[in-house]
Structure formats: C-alpha cells, structure tokens
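Subject: Structure handover

Hello,

Please find the structure below. My notes on it follow.

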Amino acid sequence: MLYKINSVFIFLFLYLVPFTTGETCVRYTFEQGFDELFSDKFGFCASLNLPPWELGQYRTLGIPAPNAQSTSFMAPQPGNESCTSSFLFPMQRGATIEVTLYLDPVNILDEFTFIVAQIDPRSGIAWLSGAYSFSPFPWPFPSGWYTSSFPVPGINTPEGFLMVWAGGSLNATLLIDSFRVIPPGMDESFCRLYEGNMSPLPALKYKVPETIPKLKSFLKINDKS
Ligand SMILES: *[C@@H]1O[C@H](CO)[C@@H](O)[C@H](O)[C@H]1NC(C)=O
Ligand SMILES: *[C@@H]1O[C@H](CO)[C@@H](O)[C@H](O)[C@H]1NC(C)=O
C-alpha cells in the first residue's frame, strides 16, 4: 500500500502553489522532512532492496550549493545504488519535472534514472508511466550542476509520485539538490525553487531522454495515454 501524507504535513515542508484550478506547482528542496516525505520501502524501490539515499550538507562536502538558500541534498550510497519514492503529488500530462542535480562521473555507468508513477484514482493502483535516464554520455562528460527536465507522459491523475534511482562508482559524485513540477502552461518564474532565488549558480540544461525499450519492459511500463 502507498503511504499517505496529510496535507498539513505537506504544507510544512513543501511549497505547493496553486495557479489556476487543477494546476499546482510542486517544489521540494531537501531542506526539511526528507524521512517523512520519501520512502524506499514500497513498490519498485522496495523490490530493488538497495541501501537508502542519504541526506548531506554542502558545508561538509566542499561543493558550493546551487543556491545561497540551499544547505542540503540527497545522495545515493557511495559505490552502490539507491532508490526512493517521493510523496504523492498531482500528475498532469505534459507537466515538466525538473531536477537540479550535480554529477561528477568516473565512468559512463554513473547515472540517474527518474521513474514517473501514477495512481489510478478508481483502483488506487500505481502504474509506471515513464522512465528517463540521465547518463554521462557522450564521454567525456562535463562535471557540474545540471537542471535536468522530462515530461509527465501519462494521463492526468490526482496523485502520482517520482522515483529516483541512481548510483555509480565509489569516487563519483552524484547528488540531488531539489526538484520542481511545473504544470503545463505555467511560466517557470511562478514556480521558483527558492523564494529569493539568491545567487543561483549557473547550471547546464539537459533534457533527459526516455530510457531504452529494454529498461522500459524491465520496469513494466505501460502507457495509458
Ligand atoms: C550494495 O548494497 C546491497 C544491499 O545493501 C549489497 O547487497 C551489495 O553488496 C552492495 N553492492 C556494492 C557494490 O557494495
Ligand atoms: C578512488 O579515489 C582514491 C583516492 O583518490 C584512489 O586511491 C582510488 O584508487 C580510487 N578508486 C577507484 C575505484 O577509482
């Protein structure tokens, strides 16, 4: 069963900005509430049985944060892989999910996979509607901050969640600073990750391609669209 988070909780830790009816900007910056809002204990991530993502602090890492208001990030287990599922949020077909991540790869296998799961409102059953892999390809791949984006591919559902599966070499650096979900038609300036947008570092833009068909069938992705 999927866990539910009450809305009071969501308001404590997330910014949900209603735009017009049915359009909600969702933002999460890993500053608070990580253990309550993310879980590696259900669904696809649970089946992988990997060590958990960990929260880290920029001040102990020696990499400057992508924004002056950002202090923490999540990172997969060094030298291994980690998988986690987010809190539930509305999924609108054509919304853009944008993940701010840092990658300093050692080889081409140091990668992130983002999986979009949507919940059928009638049955309550989740299905995977899309998978996107951010791989350091072509090699050599420049290290640094990326804003990686990909669309919600399925139909509109009141609830869905994002799974993040990533990992790689012991000496690679992979981390996720934040993500946001920009509804279709909303200007991204109405959905800023950090309130003041103070001194953001430049990040390279990267459109994450859909994963290869082999991975799609492994993940049992079916398109309800
Ligand atoms: C990764 O973690 C799993 C689960 O804890 C463990 O069984 C596996 O040996 C680890 N792999 C490496 C390469 O450390
Ligand atoms: C990782 O880095 C350490 C220190 O820089 C080095 O000694 C080690 O050989 C590296 N390991 C791998 C697997 O590249």
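A residue is called buried if 20 or more other C-beta atoms lie within 10 Å of its own, exposed if 12 or fewer, and partly exposed in between, with C-beta atoms placed from the backbone. By that rule, 38% of the 225 residues of the protein chain are buried.

This is a predicted model: local features need pLDDT of at least 70, side-chain atom pairs count only at pLDDT 80 or more, and totals for chains, interfaces and linings use all residues. Residues are numbered from 1 along each chain as its sequence is written, while chains are lettered from A and ligands numbered from 1 in the order in which they are written.

The protein chain has 13 strands and four helices; these are DSSP runs numbered from the N terminus (helices are H or I, at least four residues; strands are E, at least two).

Strand 11 covers residues 157-167, and nine of its eleven residues are buried, so the rest of the structure largely encloses it. Two strands pair if DSSP finds at least two bridges between them. Strand 11 pairs in the antiparallel sense with strand 5 (residues 81-85) over five bridges, and Ser82 stands opposite Ala166 of strand 11. With strand 6 (residues 89-91) there are two bridges, also antiparallel; here Phe89 is opposite Gly160. Strand 8 (residues 111-119) runs antiparallel to strand 11 and is joined to it by eight bridges, with Ala117 opposite Phe161.

Around ligand 1 are Leu50, Pro51, Gly79 and Asn80, counted where the C-beta atom, placed from the backbone, lies within 6 Å of the ligand.

Regards
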